[in-house]
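Dear colleague,

Please find below the sequence and structure that I am handing over to you. My findings follow directly after them.

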Amino acid sequence: MRKKVIITILTIAIILLLAGGISLLISSSNKNSKLVDEIIDKKNKKETELVFVTSSDSACYLCSDAKDIVDTIAKKYNLKFISFDKSKSSSDYKDLQKKLKITDKEIKEPAVIIIKDGELKSIANEIYNSGILRSMLIEQGIITDETKDDKEVTMVETMEKFQGEENSLLVLLDSSTNSVEAREVLNNLASKYNFTFSLAYFDRSDEGMSIATFLNQMNGDDLLVVPYFAVVSNDKIQEAISTTSSTELEAFLKKNKIIK
């Protein structure tokens, strides 16, 4: 009798678990189906939208980091992203692809589909750093390129920094994705600690190229790695680092008394 009771309880528990799982799947599917309708409705209304295609499947090893990247950019630039988890309902995802006329070859999660004024403009695929997404958003006019208004340091100003007795920060960048990411890190730290720095893009002007050549010579003709952060004073480079890590750069600036 007791054995029958236990078997009955276990059977009921299994049925409830299965029912709950099925209910959850249906709920997720319904949610994705509504997202498809929402995305297409906004597209038909000629609206601008950003669709973050992710996957909770463990095979998508970039998806977790990509979510942090998307959240950070959304907060910084006051943007709204629609998150679409393709692993929740493959049929709804296929429906979205079909309606947007996107094939599997054209999209690789984690990705952001950029729809502007009702037109599919671009897809930022395999987002593994903020520079990839940020560059695509700048290219499509969703956000403004903060580096366009940068005042590049001249050779005369560079020499003044070198000859000064106090440490100054000289930054050398180029047009690469790494430099875009490094500039974003630098901007955030400058905003947080309110410090100044001198900036040159060696691939944008002859002045920048001259500064890069000068820095090479000061380093004993060792090849510089951009992005390059140099603390200068008393006619020499006190210390330099190449990094896109906020933690590393912050520690470097504190060590050299650029920030407290």
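Turning to the open pockets, the largest pocket holds about 260 Å³ of space. Its lining comprises 13 residues, and those nearest the centre of the pocket are I69, T72, S130, E181 and E184. Helices α2 (63–77) and α6 each provide at least two of the lining residues; the largest share, five residues, belongs to α2. Four residues of this lining are nonpolar, five are polar and four are charged.

The second largest pocket has a volume of about 190 Å³. Its lining is formed by K161, E166, N167, S168, L169, F195, T196, F197, S198, K257 and I258. These divide into four nonpolar, four polar and three charged residues.

Residues S130, E181 and E184, named above for the largest pocket, also take part in a helix–helix contact. Helix α4 (residues 130–139) packs with helix α6 (residues 177–193) at an angle of about 95°, and their axes are 9 Å apart. Because angles of 65 to 115 degrees count as roughly perpendicular, α4 is roughly perpendicular to α6. On the α4 side the contact involves S130, G131, I132, R134 and S135, which meet T177, V180, E181 and E184 of α6. The residues of this contact comprise two nonpolar, four polar and three charged.

Finally, a word on confidence. The average pLDDT of the protein chain is 84, and 86% of the residues score at least 70. In residues 16–28, however, the pLDDT is below 50, and this stretch has one contact in the model beyond near neighbours in sequence. Where pLDDT is low, the predicted coordinates should not be read in detail.

With kind regards

Key:
Residues numbered from 1 in each chain as written. Predicted model: local features only at pLDDT ≥ 70, side-chain atom pairs only at ≥ 80, totals over all residues. Heavy atoms only, no water. Axes fitted to C-alpha atoms, helices over the stretch in contact; angles between N-to-C directions. Helix = DSSP H or I, 4+ residues; strand = E, 2+ residues; numbered from the N terminus. Parallel < 35°, antiparallel > 145°, perpendicular 65-115°, else oblique. Contact = heavy atoms within 4.5 Å. Nonpolar A, V, L, I, M, F, W, Y, C, P; charged D, E, K, R; others polar. pLDDT = per-residue confidence, 0-100. 1 Å grid on protein atoms, 1.4 Å probe; cavity = no way out; pocket = protein on both sides within 12 Å on 5 of 7 lines; lining within 4 Å. Points joined across faces, edges and corners; volume = space filled by probe spheres on them.
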